[in-house]
Amino acid sequence: MSKISEPSISKQEPWEAPPKGTRTAFFLITSLYWITLYLYVPVMSPYVEYKGGSLEMVGLVVSAYGLAQLLLRMPVGLWSDRLGRRKPFLVLGFVASVVSSIGFILSPDPWWMVGARFITGISACAWVAFTVLFASYFPPRDTTRAMSYISFCTTLSVMGSSYVGGLLAEQYGWLAPFWASAGVGVLGVLGVAWVYEKSHVRVPLQPPLERIRSVVQYRELVFASLVSALGQYNTFATLFGFVPTYAVGIGANKAQLGTMSMLSMLASAAATLLAGTVVAPRLGARRTVVLSYLMMAGSTAILPWIQDMGLLYVTQTVSGFGRGMAYPILMGLAIARLPDSEKATAMGL
C-alpha cells in the first residue's frame with residue numbers, strides 16, 4: 001500500500017464563512033435524510049422473506065440499492081457540478097425516498113421490492129450533494145474534520161432510525177417503518193428550504209468524459225474510491241444484507257434486529273467523530289484505515305460460528321467501529337485537493 005497523507009490543497013476557490021446557524025440546520029436536514037432512508041432497513045430483508053422471497057431474492061433487493069448508485073451517482077455528481085448547485089439534489093433525494101417507501105408498501109410481491117429499492121438507491125445518490133455542500137461550510141484545510149462531523153450526524157441518525165424501525169415493526173407490523181419513512185421524507189422536502197447555499201456563477205465546464213479523466217488523476221481519490229468500494233461491500237453484505245436474516249435464523253425478533261443495528265451504528269458514530277479529530281492525527285491516515293478494515297474483516301470472518309445474539313451484537317459493534325473510523329478519512333481524501341467545481345464529480349466516483 002502506498003503511503004497516504006493528508007493532501008495539500010490546490011486550485012481552491014476563495015472560502016466564505018456561512019451564516020450563523022447554517023451547520024446546525026444542515027445537521028437537522030441530514031438527519032431527516034438518513035432517517036427516511038434507514039427506518040425500515042433492519043426489517044427489510046426478513047420482510048422480503050415474509051412476502052415469499054428466497055435468499056437470492058433478498059440479495060437482489062439489497063443489491064438494487066447499490067446498482068442505482070453504480071449507474072447514477074457519477075451522473076448526479078457531474079450534473080451538480082455543471083449546474084453549480086446542490087440544493088435541488090437534496091430535494092431529489094427526499095422525493096425519491098418517499099416514492100421508494102410507498103413502493104415497498106404497495107409491492108404485491110418481492111420483485112416489486114427490487115424496483116422500490118432501486119429508487120432508494122436513486123435517493124442515496126443525493127449524498128454526493130450533501131457532502132460537498134457541507135464541506136463548503138468549512139475552510140478547505142478542514143475537509144476531513146467536516147467529513148467526521150457529517151459522518152457522525154449520519155451514523156447517529158441511521159442508528160436511531162434503525163432502532164425505532166425495529167420497534168415500529170414489532171408494535172405495529174411490517175409496514176409501519178415504511179409509512180414512517182415516507183412521512184419523514186415529506187418533512188425533509190419541506191425542510192430543504194432552510195438549507196443555505198451560497199450563490200454560484202454557472203461557468204462552462206469540460207465535457208463529462210474529460211472531467212472524469214481530470215478527477216481520476218488525483219491519486220488520493222482513486223485510492224479512497226477503491227478502498228471504500230470494499231468497505232461498502234462488507235457493510236451491505238452483512239449489517240444491511242444477510243446478518244438480519246441470519247439473526248432471525250438464530251431466534252432474533254424484530255426489536256432485536258433494531259437493537260443490533262443501533263449498537264453497530266452507535267459504535268460507528270463514536271468512531272466517525274474520533275477519526276478525523278483524534279485517531280488519524282495521531283496514527284496517520286494510512287494506519288487508521290488499515291486498523292479499521294482489520295476490525296471489519298475479523299468481525300465478519302467469525303459470523304458463521306455465532307449462535308447467540310449477544311455475540312452477534314459484539315461482532316456488529318466492533319465492525320461498526322471499524323467502519324466509522326475509515327469512512328471520514330476516505331471521504332476527506334477523496335475531495336480535499338479538488339476545486340469546488342469538481343468535488344461532486346469526485347464524490348460521485
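# A guided tour of the predicted model

Of the 78 residues in the largest nonpolar core, select Phe-26, Tyr-33, Tyr-38, Phe-130 and Leu-330, which touch the most other members. A nonpolar core is here a set of buried Ala, Val, Leu, Ile, Met, Phe, Trp, Tyr and Cys residues joined through side-chain atoms within 4.5 Å. Buried means under 20% relative accessible area, exposed over 50%, and partly exposed in between, with a 1.4 Å probe and protein chains only. Another core, of 11 residues, lies apart from the largest one, and Ile-250, Leu-257, Met-260 and Ile-306 are among its members.

The structure is a predicted model, in which local features need pLDDT of at least 70 and side-chain atom pairs count only at pLDDT 80 or more, while totals for chains, interfaces and linings use all residues. Residues are numbered from 1 along each chain as its sequence is written, and side-chain values use heavy atoms, with hydrogens and water left out.

Select Leu-330 next and display its contacts, a contact being heavy atoms within 4.5 Å. Leaving aside neighbours within four places in sequence, Leu-330 is in contact with Phe-223, Ala-224, Val-227, Ser-228, Val-289 and Tyr-293.

Then select Ala-326, which is placed in helix H13. Helices (H or I, at least four residues) and strands (E, at least two) are DSSP runs, numbered from the N terminus. Ala-326 is buried, with a relative accessible area of 0%. Not counting residues up to four places away in sequence, Ala-326 touches Ser-292 and Tyr-293.

Colour residues 127-135, which form helix H6. Is this helix enclosed or open to the outside? Because 9 of the 9 residues of H6 are buried, the helix is largely enclosed by the rest of the structure. Among these buried residues are Trp-127, Phe-130, Leu-133 and Phe-134.

From Phe-134, move to Arg-23, which touches Phe-134, Tyr-137 and Phe-138 when residues up to four places away in sequence are not counted. Arg-23 lies in helix H1 and counts as partly exposed, at 31% relative accessibility. Tyr-196 is 173 residues from Arg-23 along the chain, yet their C-alpha atoms are separated by 8.8 Å.

**The largest pocket**

Which residues lie nearest the centre of the largest pocket? Select Gln-69, Arg-73, Ser-228, Gln-232 and Phe-236, out of a lining of 44 residues. The elements that give two or more residues to this lining are helices H1 (22-38), H3 (55-83), H7 (143-172), H10 (219-249), H11 (254-283), H13 (309-335) and H14 (340-348). H10 gives the most, with 12 residues. The lining divides into 27 nonpolar, 15 polar and 2 charged residues; Ala, Val, Leu, Ile, Met, Phe, Trp, Tyr, Cys and Pro count as nonpolar, Asp, Glu, Lys and Arg as charged, and the others, Gly among them, as polar.

The volume of the largest pocket is about 1400 Å³. On a 1 Å grid over the protein atoms alone, a pocket is an open set of points where a 1.4 Å probe fits, with protein on both sides within 12 Å along at least five of seven lines, and lining residues have an atom within 4 Å of a point. Grid points are joined across faces, edges and corners, and the volume is the space filled by probe spheres set on the points.

Leu-230 lies in helix H10 and is exposed, with a relative accessible area of 59%. Leu-230 and Tyr-293 are 63 residues apart in sequence and 9.3 Å apart in space, C-alpha to C-alpha. In helix H11, select Leu-283, which counts as partly exposed at 37% relative accessibility. Beyond its neighbours within four places in sequence, Leu-283 is in contact with Thr-288 and Leu-291.

**The cysteines**

Finish with Cys-125 and Cys-153. A disulfide is a pair of cysteine sulfur atoms within 2.5 Å, and by this rule the count comes to 0 disulfides. The sulfur of Cys-153 is 20 Å from the closest cysteine sulfur, in Cys-125, and therefore too far for a bond. Cys-125 is buried, with a relative accessible area of 1%, and Cys-153 counts as buried at 10% relative accessibility.
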